[in-house]
Amino acid sequence: MTRIYPGRPWAVAAFVAVAFGLPAFAAEPTPPGATSCSGCHAAGSAFGPLAGVPAERTEAALAAFRSGERPSTLMGRIAKGFDENQSRAIAQWWAGQEAGK
Ligand code: HEC
């Protein structure tokens, strides 16, 4: 019983998405919270872009904001929302993004 679903292109699309889309995602997962930064840190933003910034720099900044060592208006509160591992994952993800986006 081999049937190709005539008139159901969505079934084919769903299959293609599952077969190819998800593994592609898994190759470079976006850590939770990473995209929340772009509202304030997009290219050309006042607070400085994060894309392409070396991970150590972003990670160190987040740690300093979290501990209060580096004074901040907003970032202290934001950085406290992530633990060390999450901050590292976010910093590494941003380092891997193409600068200028
Ligand atoms: C609501 C706006 C906002 C969001 C969202 C935000 N930031 Fe910030 N960020 C700021 C501001 C404002 C500063 C300047 C320090 C301060 O006053 O808090 C800053 C500073 C920074 C700096 C230091 C930049 C430099 O040039 O030294 C880093 C790194 C940073 N943010 C990372 C992040 C990361 C990573 C995220 C996402 C988890 C994030 N920010 C989300 C507003 C934001």
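Predicted model: local features only at pLDDT ≥ 70, side-chain atom pairs only at ≥ 80, totals over all residues.
Helices here are DSSP runs of H or I that span at least four residues, and they are numbered from the N terminus. The protein as a whole has 5 helices and 0 strands, so that, read from the N terminus on, its elements run α-α-α-α-α.

Because P54 has 12 C-beta neighbours inside 10 Å, P54 counts as exposed. Although P54 and G96 are 42 residues apart in sequence, their C-alpha atoms are 8.5 Å apart in space. Separation of this kind along the chain can also be followed through the contacts of the protein: among those between residues at least 6 apart in sequence, 61% join residues at least 24 apart.

Two packed helices are described by the angle between their axes and the distance between the axes. For α3 and α5, the axes come within 8 Å and cross at roughly 145°, and the crossing is right-handed. On the α3 side the residues that meet the other helix are A55, T58, E59, L62 and A63, while α5 contributes S87, R88, A91, Q92, W94 and A95. By class, the residues of this contact divide into 6 nonpolar, 3 polar and 2 charged.

A91 is found in helix α5, and, leaving aside neighbours within four places in sequence, A91 is in contact with A55, T58, E59 and L62. Is A91 buried or exposed? A residue is classed as buried if 20 or more other C-beta atoms lie within 10 Å of its own; A91 has 25 other C-beta atoms within 10 Å, and therefore A91 is buried. A91 can also be related to A61, which lies 30 residues away along the chain, with the two C-alpha atoms separated by 9.7 Å.

The buried part of the structure can be described next. Buried residues make up 13% of the 101 residues in the protein. In soluble globular proteins, nonpolar side chains tend to be buried together. In this model, the largest nonpolar core has 9 residues, namely C37, L50, L62, F65, A79, I90, A91, W93 and W94. Both α3 and α5 supply at least two residues each to this core, and α5 gives the most, with 4 residues. A91 and L62, which are both members of the core, also touch one another across the contact of α3 with α5.

The ligand brings a further set of residues into view. Of the 18 residues around the ligand, C37, C40, A61, S72 and T73 come nearest. The elements that give two or more residues to this shell are α2, α3 and α4. The shell has 10 nonpolar and 8 polar residues, and no charged residues.

Because C40 has 14 C-beta neighbours inside 10 Å, C40 counts as partly exposed. Apart from neighbours within four places in sequence, C40 is in contact with S45 and F47.

The last stop is the loop between α3 and α4, where G68 is found. What is the exposure class of G68? With 11 C-beta neighbours inside 10 Å, G68 counts as exposed. G68 and K80 are 12 residues apart in sequence, and their C-alpha atoms are 9.7 Å apart in space.

Key: Residues numbered from 1 in each chain as written. Near = placed C-beta within 6 Å. Nonpolar A, V, L, I, M, F, W, Y, C, P; charged D, E, K, R; others polar. Core = buried A, V, L, I, M, F, W, Y, C linked by C-beta atoms within 7 Å. Contact = placed C-beta atoms within 7 Å. Axes fitted to C-alpha atoms, helices over the stretch in contact; angles between N-to-C directions. Left-handed = near helix turned anticlockwise from the far one by under 90°.
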